[in-house]
Amino acid sequence: MKHPDYSRSGLHYVSCVILVIATQAHSLELSVNAGSQLTNNALKTKNNRITELQDHIGLTTFHTQESSRSQLNVDYSFDYENYKKKSQESRLIVNGSAFAYADLQPWLNAKLSHSAKEVLDSPGQPQLASNTDNRHITSASLDFLYTPNNHNNFTITPSITDIHYRDASDIDSTRKGIQAIWMRNINPITEIKLSALHQNIDYVQDEDGDFDQLSIIIVRRLRLLNYRIEVGHNEIRSSFGEKLASPLLELFTELNNGGHVLTAQYSHRVSDTSSGNQNNPLVSSTDGNRSTLDLYQEQQLNLSYLNSGICNRCRASLALDWLKEDYQAQSTENLQEQITSLSLDYQASPLSNIHWLIKHNDTYFPKDINNNYQQVNILLSYIRKLRKNLTVKLDAKYESRNSKIPLNSYSESSSQATLTYYF
């Protein structure tokens, strides 16, 4: 078993704590929770089924603050899980992000950010503690600005980014880069940007690489419709693989018509297994393969529709996520994944809510079809406010996987109760 690199992980946790503490002088939304889950298949297997009680405690923080010269956003969840029959190792999971911005001078801005995300080690295997990792990304940068007039803005941004995994620290990396951006405001609702980015990559395995990206960006903000389009070219080079280059396309659009919200996002780019999708929360947890360093090309599509006008107490959402990854060296890890989900929320009373979710996952490995699987998850939750600052949540869950290899197929039923206190 690999032991975590505590010196590097400590740096990321410290930056996370600093960003959280910085909010204490202002309003910080904080909650703690504790609960237990009873499952009839702790190891998610077909034959070796274990009934187990799994305890968890958690902490969530949320804060947002903005002024004319600074901005601070914090959104984290910290969860510790313990397994009564030792089916898996106890673990701490961190998900979320924080961002701090300060206007130091009219020509100088400073930025500090941190994000954490739980990711899968092997996308073809179930999501057990032994098959998950926690990726932390900490970044610091300075913006040097030159504004000749009200319509044009030039920015030079040197930055340093450190990427660390809780377990797979042999694919950690540090990136030092510089980015140049010219932005022109066409009118109050439209802006155009030209961007050039270069990064030097230092991997902990005594490997190195470079990343380059050149793009043009168009942003429009209309009354009901916002969209952002980025087109260009990106490529990554490394000492452990050949150059990998592709066109760059990033598209985001949102249509908000009161009770109806339609969001679409598409991305086509290159990356490595160290940075993955850079902790993008919209991408599923498969997100690259972390067994060894490799370069890969990624395409992803996210579509979501939210309807809050079905009834006065109802809200429904439908989402489609599609992901395609093509690896340079580990072609057996190439995958295509499609996730469809439907959720319904109903306010049963002023003090209680009911949540229902069904999700279907179809994952396909073109070079290793034995890992192909289809999975269904069903969740029914009841949330009740007991007191002003105290809620109870009851969950009933069902999970079923149908694998190409029958032995890897399984089903699991579980129930969970959680108490949450809000400060």
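I began with Phe-240, which is partly exposed at a relative accessible area of 27%.

The model is predicted, so local features need pLDDT of at least 70 and side-chain atom pairs pLDDT 80 or more, while totals for chains, interfaces and linings use all residues. Residues are numbered from 1 along each chain as its sequence is written, and side-chain values use heavy atoms, without hydrogens and water.

Next I looked up aromatic pairs. Rings of Phe, Tyr and Trp (its six-membered ring) pair if their centres lie within 6.5 Å; planes under 30 degrees apart are stacked, over 60 edge-to-face, and the rest tilted. I noted 6 aromatic pairs by this rule.

One of them is Trp-107 with Phe-144, stacked, at 6.3 Å between centres and 20° between planes. Trp-107 sits in the loop between β4 (91-105) and β5 (108-120) and Phe-144 in strand β6 (residues 132-146), so the pair ties together parts 37 residues apart in sequence. Strands here are DSSP runs of E, at least two residues, numbered from the N terminus. I found Trp-107 partly exposed at 45% and Phe-144 partly exposed at 36%.

I then checked Tyr-203 and Phe-240: the ring centres are 5.3 Å apart with planes at 70°, so this pair is edge-to-face. Tyr-203 is in strand β9 (residues 190-203) and Phe-240 in the loop between β11 (225-238) and β12 (241-256), 37 residues apart. Tyr-203 is buried, at 1%.

Key:
Helix = DSSP H or I, 4+ residues; strand = E, 2+ residues; numbered from the N terminus. Buried < 20%, exposed > 50% of the residue type's maximum accessible area, 1.4 Å probe, protein only.
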